[in-house]
Amino acid sequence: MLLATATLCLAAALLLDSRQVRPLLVAGIGYLPIDERFAIHESVGHNLGFLADLRGAKRPDDVVLAAYGIPAVLFLVHFWPLLGSSVLATRLLVATLVLFAAGAPWDAAGLPAEELFELAPSLSLLAAFIFLTLDFAGWQKAAT
């Protein structure tokens with residue numbers, strides 16, 4: 001799902017004629033699908049074994065994964081004017097964050113159905129980028 005989101009974002013970035021929206025969509029193709037494919041957070045985490053000593057962490061990669069929240073919040077703050085212009089996309093992005101936040105402790109605890117908690121936020125993120133792209137394309141068409 002993250003790869004599908006990345007592909008959609010790249011296609012939208014190439015098709016939409018806007019310097020404002022391209023960085024947002026290119027950011028969407030960025031790190032998460034690459035990390036998912038190459039397990040970067042696990043590699044980094046296992047090389048920083050002391051992170052497992054932090055309170056609440058069972059494995060060092062749990063801390064690295066939790067740190068992904070920092071760039072996610074910075075991303076939202078930076079692009080909020082654009083994101084806020086699409087009500088449905090904004091709601092889906094908030095749902096994505098909630099689902100990721102719920103899935104992280106679920107995964108860390110090793111509870112069943114962890115794959116569902118990885119799929120649900122990915123689907124929500126994909127839907128958010130679809131609606132954001134459609135809404136923005138509609139504004140471009142209306143402006144011309």
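A contact means heavy atoms within 4.5 Å. The model examined here is predicted: local features need pLDDT of at least 70, side-chain atom pairs count only at pLDDT 80 or more, and totals for chains, interfaces and linings use all residues. Residues are numbered from 1 along each chain as its sequence is written, and side-chain values use heavy atoms, with hydrogens and water left out.

**Exercise 1. The chain as a whole**

Determine the secondary-structure pattern of the protein chain and the share of its contacts that comes from residues 24 or more positions apart.

Solution. Begin with the elements, where helices (H or I, at least four residues) and strands (E, at least two) are DSSP runs numbered from the N terminus. The protein chain has eight helices and zero strands, which gives the pattern α-α-α-α-α-α-α-α along the sequence. Next, take the contacts with a separation of 6 or more: residues 24 or more positions apart account for 60% of them. Then turn to burial, defined as under 20% relative accessible area, with exposed over 50% and partly exposed in between (1.4 Å probe, protein chains only). Of the 144 residues, 32% count as buried. Finally, the accessible surface comes to about 8700 Å², 71% of it belonging to carbon and sulfur atoms; accessible areas come from the Shrake-Rupley method with a 1.4 Å probe, and for residues only the protein chains shown count as cover.

**Exercise 2. The surroundings of Val-64**

Solution. Val-64 is placed in helix H5 (residues 60-67). For His-41, 23 residues apart from Val-64 along the chain, the C-alpha separation is 5.8 Å. A further reference point is Leu-48, in the loop between helix H4 (40-47) and H5. Leu-48 has a relative accessible area of 32% and is therefore partly exposed. Its C-alpha atom is separated by 9.4 Å from that of Val-64, 16 residues apart along the chain.

**Exercise 3. Surface patches**

State which residues make the nonpolar patch and which gather in the patch of negative charge.

Solution. Patches are made of residues with over 30% relative accessible area and no salt bridge; like charges are joined within 9 Å, and nonpolar side chains (Val, Leu, Ile, Met, Phe, Trp, Tyr) within 5 Å. A salt bridge is a side-chain nitrogen of Lys or Arg within 4 Å of a carboxyl oxygen of Asp or Glu. The nonpolar patch, of about 330 Å², is made by Leu-88, Ile-130, Phe-131 and Leu-134. Helix H8 supplies its largest share, three residues. Leu-88 lies in helix H7 and counts as partly exposed because its relative accessibility is 39%. Glu-36, Glu-42, Glu-115 and Glu-118 gather in the negative patch on the surface. Among them, Glu-115 lies in helix H8 (residues 114-143) and, at 53% relative accessibility, therefore counts as exposed.

Definitions and conventions:
Lys, Arg positive; Asp, Glu negative; His and termini not counted. Charge placed at Lys NZ, Arg CZ, Asp CG, Glu CD.
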